[in-house]
Amino acid sequence: MRIRHWLIPLLCMALCACNDTGGGLPASSSRAYEVTLVGHGGDSLEQALGQPVEGLPQEEPMFDIVGRKRLDEWSRLARAIVIHQRGTAMSLEQDVWARPQIVVRTDGSDPQRLVRMLNAFEMAQEVRRLRRSHNAKADSLIKRMFGIDMLIPEELGSSMVRKDFIWLSNNTAQGMKNIVVMRGPTGELLARNIKGETDAMHFKLVDERQDRGLWEMEGDAMGGPYVRKRVGQVTVLAFVYAPESKKRNLMRQLEAALYTIKQKQNGK
């Protein structure tokens, strides 16, 4: 996975603005990746916000949209608010009426920039959550084995450790989230270490050239989305198995962990 050049400064901006001093603001309402769109004539914004997320097995929108003609005392508490105003240059504010919150005013002339802003804001919230609560034991093990600093979600408490290979999972029947850290040939390591009900069944990426796409269990009907990041000779793979539910938010929660990766410098 390549961290896109535009996302780094937006993440930094969002993380700096979302400090832990709430200033008495109430907690924001609505869910992650849900946008309250205020005003008329925002067709281009709706199309951009509703475009399909890349790399999922079923089509899911980039954001869920809640339309409002105007802001009221309840909609002002929404987590993400986009106000469509003709002739207004795009502007961004954070934590205006609630916390965490992003408020964007725009004339709709650059909808893709809006999507980038909202994605950066939401990813920053996930990274903040990881900083507050993470699996310190797994973090230390990964650093010792692979020489990278990384924050692992706290709920990934189950693990399998083999030579040059760590598999971490929340090991749940619904919404199974997983992170694999490995050194060596990706396809071979995955096939050897993640098996199905029989040895003939094994984990594989549908297209190993892609850093975001679909995985499947060879010889079985299991499958789902993944995202991958390479750090030198080390590969970090995050994947979800959730046949009964939507996968967008689950994947983005895992992807946030990939944004925390730092490679040790000079052996330190």
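Q: Which residues have the most contacts inside the largest nonpolar core?
A: This is a predicted model, in which local features need pLDDT of at least 70, side-chain atom pairs count only at pLDDT 80 or more, and totals for chains, interfaces and linings use all residues. Residues are numbered from 1 along each chain as its sequence is written, and side-chain values use heavy atoms, with hydrogens and water left out. A nonpolar core is a set of buried Ala, Val, Leu, Ile, Met, Phe, Trp, Tyr and Cys residues joined through side-chain atoms within 4.5 Å, where buried means under 20% relative accessible area (exposed is over 50%, partly exposed in between; 1.4 Å probe, protein chains only). The largest such core has 51 residues, and those with the most contacts inside it are Leu118, Ile148, Ile179 and Val236.

Q: Which helix gives the largest share of this core?
A: Helices (H or I, at least four residues) and strands (E, at least two) are DSSP runs, numbered from the N terminus. The largest share is eight residues, and they come from residues 111-132, helix α3.

Q: How many residues does the second, separate core have?
A: Among its members are Trp167, Met182, Phe203 and Phe239. The number of residues in this second core is 17.

Q: Which strands are the edge strands of the open sheet?
A: Seven strands form the sheet, with antiparallel pairing, in the order β7-β8-β9-β13-β12-β11-β10. Two strands pair if DSSP finds at least two bridges between them. An edge strand pairs on one side only, and the two here are β7 (158-162) and β10 (202-205).

Q: How many bridges join strand β11 to strand β12?
A: Strand β11 covers residues 212-218 and β12 covers residues 223-231, and the two run antiparallel. Glu216 stands opposite Gly223 in β12. The number of bridges joining β11 to β12 is five.

Q: What angle does the direction of helix α6 make with that of β13?
A: Helix α6 (residues 248-258) packs on the sheet, touching β9, β11, β12 and β13. Axes are lines fitted to C-alpha atoms, for helices over the stretch in contact, and angles run from 0 to 180 degrees between N-to-C directions. The angle between α6 and β13 is about 165°.

Q: Is Thr106 buried or exposed?
A: Thr106 lies in strand β5 (residues 102-106). Leaving aside neighbours within four places in sequence, Thr106 is in contact (heavy atoms within 4.5 Å) with Leu45, Val82, Ile83, His84, Gln85, Thr88 and Met90. Its relative accessible area is 0%, so Thr106 is buried.
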